[in-house]
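Please read the points below with the sequence and the model open beside them. They go through a few places in the chain, one at a time.

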Amino acid sequence: MVSMADLKAFEEELLADRLRELTDSGVRLVGQGHWVGLDVIVAAGVELGPNVMLRGSARIEAGAVIHAGCWVEDTSIGPGAVLLPYSVCEGAEVGPGCRVGPFGRLRPAAVLERGARVGNFVEVK
């Protein structure tokens, strides 16, 4: 029988391998606490701040910057887009050069077109 401690150790090993794969491919990881799911696609030239969570079928394109504490799930982030600290994106599309947050919230089916800006504590449905 597998214990919770064994499961945690296995998950940590998988995550370490995943993060090493990303850095080897040209992704910059700043700080600690990153979590990147196996189905997430992250292009070279992306910068991920500390405590970033990327889940589901997220896709992050080259030049995007995702700052500390952001949660991105089933969302596409276009090239050069910036998510400022503690922004949450679920099932959304963030176009090239967009800027979200800090503390921005994009709900499912939200679409930001090229260069759009979402300010502090703003929610888009």
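This is a predicted model: local features need pLDDT of at least 70, side-chain atom pairs count only at pLDDT 80 or more; totals for chains, interfaces and linings use all residues.

1. Buried means under 20% relative accessible area. The place of Arg-18 in the chain is helix 1, which covers residues 4-24.

2. Helix 1 gives the most, with 5 residues. By residue type, the lining divides into 5 nonpolar, 1 polar and 3 charged.

3. His-34 lies in the loop between strand 1 (28-29) and strand 2. Is His-34 buried or exposed? At 6% relative accessibility, this residue counts as buried. The side chain of His-34 has a polar atom 3.1 Å from the backbone oxygen of Val-30, and the side chain also reaches the backbone oxygen of Gly-49 at 3.0 Å. Leaving aside neighbours within four places in sequence, His-34 is in contact with Leu-15, Leu-19, Leu-29, Leu-48, Gly-49, Pro-50, Asn-51 and Val-52.

4. Gly-45 lies in the loop between strand 3 (41-42) and strand 4 (47-48). With a relative accessible area of 47%, Gly-45 is partly exposed. Which residues is Gly-45 in contact with, leaving aside neighbours within four places in sequence? They are Gly-26, Gly-63 and Ala-64. Gly-45 and Gly-80 are 35 residues apart in sequence, and their C-alpha atoms are 9.6 Å apart in space.

5. Leu-106 is found in strand 14. Its relative accessibility is 0%, so Leu-106 counts as buried. Not counting residues up to four places away in sequence, Leu-106 touches Val-88, Cys-89, Glu-90, Ala-92, Val-94, Val-100, Leu-112, Val-118 and Val-124. Leu-106 and Gly-56 are 50 residues apart in sequence and 15 Å apart in space, C-alpha to C-alpha.

6. Cys-89, one of the residues touched by Leu-106, comes up again with the cysteines. How many disulfides are there? The count comes to 0. Cys-70 is in no disulfide, and the nearest cysteine sulfur, that of Cys-89, is 7.0 Å away. The cut-off needed here is that the two sulfur atoms lie within 2.5 Å. For Cys-98, the closest cysteine sulfur is also in Cys-89, but the distance is 10 Å, which is too far for a bond. Cys-70 counts as buried because its relative accessibility is 1%. Cys-98 counts as buried at 1% relative accessibility.

7. Tyr-86 is not a glycine, yet has a positive phi of about 65°. Tyr-86 lies in the loop between strand 10 (82-83) and strand 11 (88-90), and at 44% relative accessibility counts as partly exposed. Phe-121 is not a glycine either, and has a positive phi of about 55°. Phe-121 is placed in the loop between strand 16 (117-118) and strand 17 (123-124). Its relative accessibility is 63%, so Phe-121 counts as exposed.

8. Where is Pro-102 found? Pro-102 is in the loop between strand 13 (99-100) and strand 14 (105-106). The peptide bond from Gly-101 to Pro-102 is cis, with omega near 10°. Strand 14, at one end of this loop, is the strand that holds Leu-106.

Terms used
Residues are numbered from 1 along each chain as its sequence is written. Side-chain values use heavy atoms; hydrogens and water are left out. Helices (H or I, at least four residues) and strands (E, at least two) are DSSP runs, numbered from the N terminus. Buried means under 20% relative accessible area, exposed over 50%, partly exposed in between (1.4 Å probe, protein chains only). Ala, Val, Leu, Ile, Met, Phe, Trp, Tyr, Cys and Pro count as nonpolar, Asp, Glu, Lys and Arg as charged, and the others, Gly among them, as polar. Contact means heavy atoms within 4.5 Å. A polar contact is a pair of N or O atoms within 3.5 Å; within protein, one must be able to donate a hydrogen and the other to accept it, and residues adjacent in sequence count only if both atoms are side-chain atoms.
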